Amino acid sequence: MHIAPSFPNLSVLLIDPSPHYRRLIRTMLYQTQLNRIFEASDLSSAATTFLQKQPNIVILDWDIPDGGSVKCLAAIRSFKTSPFAKAPVLVMMERPDRRSVLQAAKLGAHEIITKPISPNNLWLHLSGIINMPRKYREANGKITLVPRAISNSMF
């Protein structure tokens, strides 16, 4: 039996085109007492919700059609388009390849998690975002994260 950690008083913006996957992730988030969950299925609704609701954490599906996830993450990290450029972003990938992982990291993903996602794995990554905050660098109107070492053993 696994006991879910508790993350009360935080809000999450969940961006995924699949209603099924949003429901699964939402259920896992409820188990951690994350009850303020906002959902978006595309880039347009994600941008509107992000600006209106100002979530503490963003969970972003990397496989949004037409490069939507890349555009979304870049927009979050830009001072020109985002008043909350330091919002932590957890990226979900169905098929993480080296290029995608490096691109997401370069654009400012805090954590990268592989689908399908187990509750324990999601909680572990959320705990890392909350309890071990990353350092930021500001340059050219954008926020970047101070890099962490990426293990070559994962490829």
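Here is the tour, with something to select at each stop.

A bit of housekeeping: this is a predicted model, in which local features need pLDDT of at least 70 and side-chain atom pairs count only at pLDDT 80 or more, while totals for chains, interfaces and linings use all residues. Residues are numbered from 1 along each chain as its sequence is written, and side-chain values use heavy atoms, with hydrogens and water left out.

Select E4, residues 89-93; helices (H or I, at least four residues) and strands (E, at least two) are DSSP runs, numbered from the N terminus. Five of the five residues in E4 are buried, meaning under 20% relative accessible area, where exposed is over 50% and partly exposed is in between (1.4 Å probe, protein chains only). Val-89, Val-91 and Met-93 cover one side, with Leu-90 and Met-92 on the other. Look for Val-58, which stands opposite Val-89.

**Stop two: two rings.** Which residues make up the one aromatic pair? The structure's one pair is Phe-50 with Phe-84: their ring centres are 5.8 Å apart and the planes sit at 75 degrees, so this is edge-to-face. For the cut-offs, rings of Phe, Tyr and Trp (its six-membered ring) pair if their centres lie within 6.5 Å; planes under 30 degrees apart are stacked, over 60 edge-to-face and the rest tilted. Phe-50 lies in helix H2 (residues 43-53) and Phe-84 in the loop between H3 and E4, so the pair ties together parts 34 residues apart in sequence. Phe-50 is buried at 5% relative accessibility, whereas Phe-84 is partly exposed at 23%.

**Stop three: a buried arginine.** Go to Arg-77 in helix H3 (residues 68-77). Arg-77 is buried yet has no salt bridge, and the nearest side chain of opposite charge, Glu-111, is 11 Å away. A salt bridge here needs a side-chain nitrogen of Lys or Arg within 4 Å of a carboxyl oxygen of Asp or Glu; Lys and Arg count as positive and Asp and Glu as negative, with His and the chain ends not counted. Show what Arg-77 touches, leaving out residues up to four places away in sequence: among them are Pro-88, Val-89, Leu-107, His-110 and Ile-143 (contact is heavy atoms within 4.5 Å).

Methods:
Pairing = 2+ DSSP bridges.
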